[in-house]
Amino acid sequence: MSQYGFAGALAACVFSVTAALAADPSELQTIRTADDSRGFEAVGRLDLGRDGFCTGALIAPDLVLTAAHCLFDSNTHERIPDREVQFLAGWRDGRAMAYRDARRTVIHPDYRYTGPEGAEHVAVDIALVQLSQPIRNGSVEPFETDKRPRKGAEIGVVSYARDRATRPSIQETCHVLGRPAGTLVMSCSVDFGSSGAPVFSFATGEPRIVSVISAKAEIRGRPVSLGTRLDGALDELQALLNDPPVVTSTAAKPRVRSATTVANGTTRSGGAKFMRP
């Protein structure tokens, strides 16, 4: 989809999204203790290169789901080497419940980064990190995934960010405001470092991942977050892990920024402004 196509699709739902913003989400709550983190131990910080980080979550003992744009270096514009990726499950106050290096990373084959203000590839901004060894810890249970929730559905997010890098925060209630072009527009609060954070549905009585945080945006001056789709895209990623790694030329790779780089948004049609968190 073209950049104009995504911006146009988002602009088409601006009116209904703006109206829905009247339903205020719950406040972010810092996860300070083991009791606070119960049930969310499989959310962790994904350390990238020398000083970057994103958020990720286990969906299998050896698989972490995150955002594709997290896996690029802001200076070289290259993929971050797998050996420089580490997952810290349940990271809090300098300690993790499990530490694992990456064995391999894969991004969705349709994902392209076209600039910090571009958001047309949000729908496929997902990646998998295969860990060097599975996490076999009874307290760190991988999450199930589920289909994309409907507009108006209640959701929640657990994430790290630049001002809460040592402890995650949970927002127990935010809402799906729209679903343009296969994405989710949400009222969830995100910041730089929240990229890759799991978006949860609690409709079944237990948290299930229904999306991944890709970008934050403004619509008519109100902050929103944008999430990926998992339907089909996750199956494609898992299939890639069964294929041997492919070494490709980096000469034509697009310029990208890491998840911790503050990107200057550009105003788009319909009053929407995009930024990578």
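The exercises below work through a predicted model of one protein.

Residues are numbered from 1 along each chain as its sequence is written. In this predicted model, local features need pLDDT of at least 70, side-chain atom pairs count only at pLDDT 80 or more, totals for chains, interfaces and linings use all residues, and side-chain values use heavy atoms, with hydrogens and water left out.

**Exercise 1. Find which strands close into a barrel, and in what order.**

Step 1. Helices (H or I, at least four residues) and strands (E, at least two) are DSSP runs, numbered from the N terminus. Two strands pair if DSSP finds at least two bridges between them.

Step 2. Strand 3 (residues 52–60) runs antiparallel to strand 4 (residues 63–66), and three bridges join them. Here alanine 57 stands opposite leucine 65.

Step 3. Strand 4 also pairs with strand 7, antiparallel, over four bridges. Valine 64 has valine 129 of strand 7 as its bridge partner.

Step 4. Strand 7 (residues 127–131) pairs with strand 6 over five bridges, again in the antiparallel sense. Two of the bridges link alanine 102 with leucine 131 and threonine 105 with valine 129.

Step 5. Strand 6 pairs antiparallel with strand 5 (residues 85–89) over four bridges; leucine 88 has tyrosine 99 as its partner.

Six strands close into a barrel in the order 2-3-4-7-6-5, with antiparallel pairing. The twist from one strand to the next averages 40° (axes are lines fitted to C-alpha atoms, for helices over the stretch in contact, and angles run from 0 to 180 degrees between N-to-C directions).

**Exercise 2. Decide whether strands 6 and 7 are enclosed or open to the outside.**

Step 1. Buried means under 20% relative accessible area, exposed over 50%, and partly exposed in between, with a 1.4 Å probe and protein chains only.

Step 2. In strand 6 (residues 98–107), seven of the 10 residues are buried, so strand 6 is largely enclosed by the rest of the structure.

Step 3. In strand 7, five of the five residues are buried, so this strand is largely enclosed too. Ala127, Val129 and Leu131 lie on one side, Leu128 and Gln130 on the other, and both faces are covered.

**Exercise 3. Determine how helix 4 sits on the strands.**

Step 1. Helix 4 (residues 233–241) lies across strands 3, 4, 6 and 7, at about 100° to strand 6.

Step 2. Ala233, Leu234, Leu237 and Leu241 of helix 4 are buried. They cover an arc of only 100° around the axis, so they are on the same side of helix 4 (the arc is that of the directions from the helix axis to the C-beta atoms).

Step 3. The buried residues of helix 4 pack against strands 3, 4, 6, 7 and 8; contact means heavy atoms within 4.5 Å.

**Exercise 4. Describe the surroundings of glutamine 171.**

Step 1. Glutamine 171 belongs to strand 10 (residues 169–178) and is buried, at a relative accessible area of 2%.

Step 2. Its side chain reaches the backbone nitrogen of serine 189 at 2.7 Å.

Step 3. Leaving aside neighbours within four places in sequence, glutamine 171 is in contact with residues including Pro25, Leu28, Val157 and Cys188.

**Exercise 5. State where the confidence is lowest and where it is highest.**

Step 1. pLDDT is the predictor's confidence in each residue, from 0 to 100. The protein averages 80, and 76% of the residues score at least 70.

Step 2. Confidence is lowest in strand 15 (residues 272–275), at a mean of 48, and highest in strand 4, at 98.

Step 3. Over residues 248–274 the pLDDT is below 50. Where pLDDT is low, the predicted coordinates should not be read in detail.

Technical notes: A polar contact is a pair of N or O atoms within 3.5 Å; within protein, one must be able to donate a hydrogen and the other to accept it, and residues adjacent in sequence count only if both atoms are side-chain atoms.
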